[in-house]
Amino acid sequence: MQVICRLSFLVVLLGLVMLPTGRAQASPEQAFEHVVSVLPVWPGQQQGGAGAPPGTAPEGSGVVVRPDMIATAFHVVEPAERIDVRLSDGRIVPARLVAGDEASDIALLKVEAGLTPIEFGPVPGLAEPVCAIGNTFGLGLSVTCGVVSATAVTNAGFNAVEDFIQTDAAINPGTSGGALINRDGQLIGLVSAIFASDADANIGVNFAVSNDLLMRVVDALSEKGNVDYLTAGWRLGPAGRAQLATLAAPQVRFVEPGGAAAGAGVEPGDQIVQIGERRTQTPRDAITALALLPAETRSVPLVLQRAGVRSTVSLSFAAEAEEDAVSSGASDPECPYPEAVCRQRQAVFPISAYDPAASATRIAVDLLVTNRHVLGDRLEATVHTPSGPRTAQVVPSAYEGDLVLLKTEGLPAEGAVLELDGAGPEADLFYAVGADIARREIRVFEPGKLIMLPADGAKLGRLHVGAHMQPGVSGGALVVENGRLRGIAVGGGDNRFEAIPVSAVEDLLRRRDDPDADRMTRRLGVNFAACAAAIESAASSQNPAEQTDPLSRACARSTNHGQLLEAGRVLARAGAFEAAADLHAQAVEQVPNSINSRLSLLVSLQLGARFEDMTEHARWLMEAAPDDPQALRFSIQSGVWGGDPELAEEGYRALLKADPRQAQAARRFIDAAPPRPERR
């Protein structure tokens, strides 16, 4: 199976026949003079090139882009306590980290060695010969060659901001930050990342940051020490399957009041066709198009399509953050949402426990609530307040779900407290409030609509919303536009997120007086820790199949929804499909309206060739997500192989509307299905 692996370093160079062009040019050999080996000292590790066997200490590469200024990959030097660079002539000189940009994975180093910059080349064409130069495996600079496989790649999934040139030139550890050059020895990209097999072996799918993005970041880092990326004030999603049949362009899901998009008249439902000179097919394309614009850009043409009609508007960016705050109606330019929502940031705190970075929501002067999976088996947590850390103690409760009550003193007296008013979830938009790990602050994330209420009769059911959540938000607040609390954030993915409703928080409080409160609290913690240990043991085992029984037993006792899903995935990877399906079925029974849980269960059943068992869940999923091609493919496959031809036809008719291209293949599968796989 192919997986994405971020190696610590990468790159390669030249061995192609060079054709004369009739003018004086740099040569591939001369390009070596502008590439260096980067020798960081990471905490607890020795320095590469200082007697360490090749490949056993952190090493990377770098390219001289300005006099005595070296660009490299940020992940090579970010944890470094000291940095040296080895020049092409063998000298080793100290380097200073000027600044780094995590979003693009680019860092800038400064040396005093009289280095001259490499010559920059034009944007390469497809199949153009290229070579990579880098410090492969710490063995010193070397070169490998290939061709340009793709340009303007924005969806490789390594960095928040991507504009990659893809190449099949062999790239291996140690060459991150090296040079991708053309036949004239000119720089066309900074080596950044590779796709690798499970064995981390190079498979010829490698990426280099484009010159455009490289110099955009280098200019900003050298001038001000950080990169300010322009934002349009919108949230984009992929186009629907029906739309993709006519136009590949991201669709606007939400427009922030007072932002650049709102000022341009952009509306939800519009498709963003082009930003400046950059054609946009996906949301990631739009991110890149904006990221490439200099921070001082005042406006840029924007081509959008609405109801099949294209128009061009001007996307204008405010000169001052204060103007944004006034136009948005928000008192804080960092929170362009209703003031009542932004105010609730005061009621959410970063906490550390079993999960080192999570959130907790204040529901009384001295009470916080968070998720059980944040505490694990611990009976206290550290609450990070503006005046310093506070220790919070677990308040025992006989509540069995993924919530924990914490009691602590010293919370800000003037801070907000979210009330449990018991009102229903009716609202146009929901907002998650929680810790942003990267920014190290509590923030309000992009809102979303209600997807589904908790299932009837599910005592541990959840709210299912489109409000964005990410790691660190667990235990934060889910609020509506008037700031009222509607749930405690849990997590999710693929634009489907979950929160435990306020009614469960009320149950948590009521069951403090239960005689079984202490025993239940300790039992849940012990079982959680046992499941977590079993998951870790199985995931790291050389023979995970041997861990099937202990993992299944431990996590079935845990009953924690997130652990049931994770343990099931580990079991499925180990080939224990029956055991995986059992745990995933337990998760579905606990939270029946979770689309993500149903998908996990269907995958496990599919891997085990249990197609008859799939049909019930595939039908539910088809009705809950009628525009999701993955859900519809499950209905077709399980209908054909599970003996429910009408289900297959219903799935086909829905897929024909959602994605006509996939429907063609589905029709062939229905009409001439291959033999059904044997149950495993």
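The model is predicted, so local features need pLDDT of at least 70 and side-chain atom pairs count only at pLDDT 80 or more, while totals for chains, interfaces and linings use all residues. Residues are numbered from 1 along each chain as its sequence is written, and side-chain values use heavy atoms, with hydrogens and water left out. The chain holds 19 helices and 32 strands; these are DSSP runs numbered from the N terminus, helices being H or I with at least four residues and strands E with at least two.

**The pair H13 and H14**

- The axes of H13 (residues 561-573) and H14 (residues 577-590) come within 8 Å and cross at roughly 160°; axes are lines fitted to C-alpha atoms, for helices over the stretch in contact, and angles run from 0 to 180 degrees between N-to-C directions.
- That angle makes H13 roughly antiparallel to H14, the term for angles over 145 degrees, with under 35 counting as roughly parallel, 65 to 115 as roughly perpendicular and the rest as oblique.
- Contact, meaning heavy atoms within 4.5 Å, involves residues of H13 including His561, Leu564 and Leu565, and residues of H14 including Phe577, Ala579 and Ala580.

**Burial and the nonpolar cores**

- Buried residues make up 54% of the 680 residues in the chain; buried means under 20% relative accessible area, exposed over 50% and partly exposed in between, with a 1.4 Å probe and protein chains only.
- A nonpolar core is a set of buried Ala, Val, Leu, Ile, Met, Phe, Trp, Tyr and Cys residues joined through side-chain atoms within 4.5 Å.
- The largest nonpolar core has 34 residues, of which Ile363, Leu403, Val479 and Leu485 touch the most other members.
- Among the elements that each supply at least two residues of this core are helix H8 (339-343), strand S31 (485-493) and helix H10 (502-510).
- H10 gives the largest share of this core, 5 residues.
- A second, separate core of 33 residues includes Ala31, Ile118, Met215 and Val217.
- Beyond its neighbours within four places in sequence, Leu485 is in contact with residues including Thr361, Ile363, Leu418 and Val502.

**Helix H15 and what follows**

- H15 (residues 595-607) has 13 residues and reaches 18 Å from its first C-alpha to its last, close to the 18 Å expected at 1.5 Å a residue; the expected span is 1.5 Å times one less than the number of residues.
- Because 10 of the 13 residues of H15 are buried, this helix is largely enclosed by the rest of the structure.
- Among the buried residues of H15 are Ile595, Arg598 and Leu605.
- Ala609 lies in the loop between H15 and helix H16 (611-624), and its phi is near 60°, a positive value in a residue other than glycine.
- At 1% relative accessibility, Ala609 counts as buried.

**Two threonines in loops**

- Thr559 lies in the loop between helix H12 (548-558) and H13, has a positive phi of about 60° although it is not a glycine, and counts as partly exposed at 31% relative accessibility.
- Thr246 lies in the loop between helix H4 (241-244) and strand S15 (251-255) and is exposed, with a relative accessible area of 70%.
- The C-alpha atoms of Thr246 and Gly308 are separated by 9.3 Å, although these residues are 62 residues apart along the chain.
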